Every structure is written in structure tokens, then in C-alpha cells.
Amino acid sequence: MSLLTSVASRWYNRLNETTLVAGLLIVVGYVLIEILFQDWQSKFLLQIHPASAAIAVVAVLYGALGFHTLVKRVSTLAGLISYGFLTASVGTLVYTTGGLESQYLLFWGVVILFSGMFGWTILSLTWALTHVYIVLLLFGVVGAAPETGRLLTYVLAIELPFAVSFFLWYGQEGDQSAVSTLSAAGSADISQGIVVSSIAESVVVVDEQGRIQVFNPAASQTSGWSEGDSRGIDYRNVLSFVDEKGQPILAENDPIAKVFATAQTVADNDIRMRTRNKKLVELSLVASPIISADGAVSDVVCVFRDVSEERIQERQRAEFISTASHEMRTPVAAIEGYLALALNEGVSKIDSKAREYLTKAHQSTQHLGRLFQDLLTAAKTEDGRLEFHTQVVEVGAFLDQLAEDVRFAAQKKGLMMEYQSGNSELGNAVAGAQVVRPLYYAHIDPERVREVITNLFDNAIKYTAEGKLVVSLDGDDSNIVISVADTGPGISQDDIPHLFQKFYRVDNTETRQIGGTGLGLFIARKIIEKSGGKIWVESQVGRGSTFFISLPRLRPDQAEAIKKKEALNETPLAHVTGNVEI
Ligand code: ADP
């Protein structure tokens with residue numbers, strides 16, 4: 001179907017161009033031979049009749065103006081009218097200049113070629129009309145009968161285009177009626193073509209062989225490649241995707257190849273492309289599969305947008321925020337320090353009223369300090385400046401320690417705290433005095449992940465008035481799941497999709513009074529995503545919330561291999577001397 005429709009859309013336009021050219025030739029021929037240079041008439045035995053010139057004028061007007069308006073709405077009809085004008089202008093030209101004797105007879109061959117495009121009816125009609133005319137000629141009904149020898153040539157000149165037209169349009173896809181499919185599909189395809197070429201997003205369609213089938217004007221603008229130069233070419237020669245360092249991306253990271261391999265939609269907001277003029281542009285890209293009837297990926301539709309300008313602005317904004325918050329942190333820290341000194345009974349003497357005010361000022365300054373710190377971290381996560389020192393971590397031991405560290409804060413607020421360390425799986429188990437649990441290895445920055453879990457824990461304490469908190473660890477072969485559950489107010493389903501966005505705070509009576517920046521969960525999401533994991537929440541209003549973090553799990557042998565590799569990188573001489581035990 002894709003082949004047929006693209007053929008149809010191309011041929012409707014070609015038909016109209018042919019009608020235009022034929023019409024113009026007839027009009028120009030008429031003006032030159034009949035009006036301006038009447039001497040030429042002697043050279044051109046067969047002169048152009050005013051009737052064909054008149055029809056040609058209307059055909060040219062339609063081809064130049066009417067067709068383009070009509071084709072957007074009723075494309076098949078627009079094509080048919082084009083064909084009608086071609087038939088009428090060429091038909092009268094041939095008829096009035098001697099029929100089979102006409103030196104313009106070749107033009108009729110062109111009309112016949114296009115006849116098959118509209119299906120059986122038009123093809124047969126053109127064939128029948130032509131042959132009725134030939135039979136009438138043979139019997140001398142219309143004009144003089146041609147000589148038998150020449151007649152044969154003429155019949156061949158006419159029969160041949162009919163045969164070509166038949167095979168061109170009918171023989172395209174097995175014995176199925178391609179002609180009708182073509183004319184039906186053609187109209188849809190043309191309107192789709194118009195949509196694709198008018199949208200501002202770059203659209204590229206790549207077929208199974210990796211060849212570009214559709215390349216819209218926006219794609220030309222972004223890549224610097226013209227549609228003509230890129231159609232039919234392997235997409236890798238046109239869309240040169242590169243990584244952050246400007247190096248060609250690995251084949252396994254190629255979004256189009258990924259879609260062919262997985263039949264899943266792939267979105268990539270970090271990909272870059274080198275244009276034909278060697279310029280580097282940052283893209284936001286989505287590639288989706290077109291699945292054929294047999295379930296295989298027949299084509300990939302790749303839609304992308306140049307976001308270089310937006311990225312520059314984002315970086316400038318983030319830089320401004322990080323510089324501002326960095327600069328403001330210092331005076332705020334000083335104010336906080338002095339307020340702490342003022343509140344310290346060993347250092348200063350103040351009355352109870354002043355203590356009350358200064359305590360409030362101290363709390364607000366602490367909040368401001370936290371806000372600046374969060375702003376700084378948020379800005380760094382966005383522009384990629386947040387540093388990650390990854391290492392192999394056994395998450396079980398890591399969380400045991402962390403749970404102990406936060407337990408005190410929960411107890412201070414009168415909340416019970418439970419820690420469940422996953423033992424749902426017994427493979428790779430280590431036997432301790434109290435617990436038997438698997439080893440959960442992950443390649444993460446422990447400090448960053450600690451920040452995230454502490455933040456979830458602080459939130460759980462902050463928003464829970466009474467009840468208990470449960471921290472747990474579980475997982476399967478490929479993932480480690482850490483969860484922090486509370487018996488707090490819960491979060492409504494309307495708020496959940498926005499919870500991990502910047503500055504989002506739930507606005508309800510229970511939580512409004514509780515201070516916060518709305519940045520904690522945003523930063524948490526960025527850190528976890530950067531660690532290759534996911535963060536999400538399940539919650540019921542009035543019952544409590546459970547925040548989950550999943551991190552990619554390493555097999556013990558993978559963990560061991562990474563540890564060795566990292567140790568070698570840290571001590572470059574180690575593998576040379578071969579003396580270092582890891
Ligand atoms: P902050 O807590 O500083 O406002 P966060 O990004 O950490 O910012 O949290 C965003 C919002 O999510 C909070 O304002 C709060 O409304 C809601 N929230 C987070 N954790 C919980 C929780 N455990 N229970 C109920 N609401 C929560």
C-alpha cells in the first residue's frame with residue numbers, strides 16, 4: 001500500500017504537470033504558427049485549430065490554479081479533471097490536424113499512458129474511443145481511410161502505450177486490482193502528503209532497507225539535505241546522529257535501528273545531528289514503527305525538532321540560577337550562623353521576646369539556605385553539571401546503614417519505623433545471624449542515592465502526623481526496588497503525575513502549613529534517572545503513600561568485573577606490574 005500510494009501521489013502531480021506543459025505547447029504553438037508567423041504555416045502542414053487552443057488555455061488555467069486548490073480536498077476528482085483537460089486538448093489537436101495522419105499523434109500516446117491511473121473504466125473508455133475512431137476511419141466515415149501499411153504503425157503506436165499503461169498501473173502488485181487501490185489510496189496519500197509537508201516538525205520515513213521514503217521540508221531545513229537528494233538514499237548517509245562529544249553514535253543507540261529491532265517507539269531528547277554543512281544541532285526525536293499486516297516493522301516514522309536554541313536558553317537560565325543561588329548561599333549561611341550565636345545562651349543574653357523572634361528568623365534562614373541548596377542542585381541536574389562518582393554498591397548493606405541513620409528522626413516525631421530487607425529470593429544469599437537475603441549489586445553514586453532516599457524519608461516524616469514508616473528492599477534478576485511507605489495524608493491521583501516536576505507542591509489543608517521547596521522530588525527523579533532507574537509513587541488519600549525507586553541490578557560477576565576495571569583505572573600501573581591483588 002505504501003508503494004502504491006506514494007506512486008499515486010507522485011503521478012497525480014506529474015499528470016497535472018503534463019497537462020500544463022501540453023496545454024502551454026498547444027497555446028504557444030497556436031500563437032506562433034497561426035498568429036505571429038503565418039509563413040510557418042507552410043512548414044507545419046498540420047495547423048493548430050482554434051478550438052484546441054481554446055481548450056488548452058482552459059487546461060493551463062486549471063493546471064496552474066484550480067488543481068492545487070482542488071487536490072487538497074477532492075484529490076481523485078482533481079486528478080480526473082486534469083486528465084479530462086489533457087484528453088480534450090490533445091484529442092482535439094490530433095483530431096483537427098489529421099487524426100492518424102497528425103504529426104501530433106505522439107501526444108495521444110501520453111494521454112493513453114495516464115489513462116490506466118484511474119482504473120479500468122477510464123482505461124477501457126480511452127481504449128474504446130480510440131478504437132471506435134480508428135474503425136470509423138477505416139470505413140472512411142470520418143475523413144479518408146489511411147493506407148494499410150501506415151495504419152499498422154499507428155495501431156502499434158497506440159496499442160503500445162495501452163499495453164504500457166496496463167502493466168504500469170495494473171501489474172504493480174500481483175493480480176490484485178492495483179488500479180483501483182491506487183486511485184482510492186491516492187487521494188488519502190495526497191492529503192497526508194500535504195499534512196506531512198506542512199507541519200513544522202521534521203518528518204522522515206525510512207523503509208525496511210533503510211532507504212528514505214519521505215523527507216518533508218522541515219527535515220530539509222534541519223538537516224540541510226534537499227528532499228530530492230535524500231529520497232531513496234540510506235538514512236545513515238543523511239541523518240548523521242552523533243553523541244554529546246560529536247562522535248557518531250554506536251549502531252545500538254541509533255533510534256531508527258532500535259525501532260526496527262524492537263518494534264517499539266523510541267524517544268530521545270539528548271541526541272544530536274551533524275547537518276550537511278557540518279553544523280551540530282540538538283534534537284528532540286521520536287521514532288515509531290509502522291507495522292505491516294504480517295506483524296513486521298515495514299517502515300519507521302522519525303519525527304524530530306531542532307531544540308538547539310531552547311537548550312542554549314535552558315543552560316543560560318540554569319547557569320543564572322546556579323550562580324545566583326551559589327552567591328546567595330554565603331550571606332545566608334553567615335546570617336544563620338550569627339542568629340545561632342545570638343540564640344546560644346552561653347554567648348549572648350537576650351530576653352524571651354527577642355528569643356522568640358530570633359528563633360523564627362533562624363528557622364526561616366535555614367529554610368532559605370535549603371532552598372538555595374536545592375536550587376543549586378536542581379540547576380546542576382538540568383545542565384548536566386551534577387557530578388556522579390559511580391561505584392559498585394551492595395544496596396542491602398548500604399540501606400541497612402541508611403535505615404539506622406534515619407530511624408532516630410522518625411522516633412523523634414513519635415513515628416514507628418520498620419525496615420524490611422528483601423528475602424523473597426534465596427539465590428546468591430549470604431547467611432547472617434538474623435537475615436538471609438540476596439546480594440543486590442548496583443553501579444551508582446552512593447552519596448546521590450543517599451540524598452534521594454533521605455529526601456523520601458524526610459518527606460514521609462514531615463507529612464505524616466502519626467503511624468509508622470516502612471522502608472523496604474526487594475528486587476528481581478534485573479532490578480532492585482527500594483520503597484518508603486508512610487501512613488500520612490496520601491496524595492490524590494490528580495497530583496501524582498505532577499509530583500516529580502520542578503516546584504510542584506500539593507495544595508491541600510494538611511500539607512499547606514508544612515514548609516518545603518517543591519524541588520526535592522524533582523531532584524530525586526533526575527538523580528534516579530541518571531542512575532538508570534525509575535522513581536514512582538502509589539498513594540491513597542487518607543491512607544498513606546509509598547514511594548518506590550528501582551535501580552538496575554548487576555549480577556555478582558558483572559559487579560566483580562566492574563570493580564576490577566575501576567580498580568585498574570584508579571591504579572594504572574597495576575596491570576603493568578601485575579602485582580596488585582583486587
Ligand atoms: P517539598 O517537600 O520540599 O515541598 P518535594 O518535591 O519533596 O518538595 O515534594 C513535593 C510535594 O509532594 C510536597 O509538597 C508534598 O505536597 C508532596 N509529598 C511528598 N512526599 C509526600 C508524602 N510522603 N506524603 C504526602 N505528600 C507528599
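Predicted model: local features only at pLDDT ≥ 70, side-chain atom pairs only at ≥ 80, totals over all residues.
Figure 1. A nitrogen atom of the ligand lies 2.7 Å from an N or O atom in the side chain of Asp 486. The side chain of Lys 462 also takes part, with an N or O atom placed 3.2 Å from an oxygen atom of the ligand. Gly 518 contributes through its backbone, one N or O atom of which is 3.2 Å from a ligand oxygen atom. On its own the ligand has 530 Å² of accessible area, and the protein covers 98% of this area.

**Figure 2. The shell of residues around the ligand****.** Helix H15 provides the largest share, with five residues. In total, 19 residues surround the ligand, and the closest of them are Asn 459, Asp 486, Arg 505, Thr 517 and Leu 521. By residue class, the shell comprises nine nonpolar, seven polar and three charged residues.

Figure 3. A polar atom of the Ser 223 side chain lies 2.8 Å from the backbone oxygen of Ala 219. When residues up to four places away in sequence are not counted, Ser 223 touches Phe 215, Met 273, Thr 275 and Arg 276.

Methods: Residues numbered from 1 in each chain as written. Heavy atoms only, no water. Near = heavy atom within 4 Å. Polar contact = N/O pair within 3.5 Å; in protein donor to acceptor, adjacent residues only side chain to side chain. Areas by Shrake-Rupley, 256 points an atom, 1.4 Å probe, with all protein chains shown as cover. Helix = DSSP H or I, 4+ residues; strand = E, 2+ residues; numbered from the N terminus. Nonpolar A, V, L, I, M, F, W, Y, C, P; charged D, E, K, R; others polar. Contact = heavy atoms within 4.5 Å.
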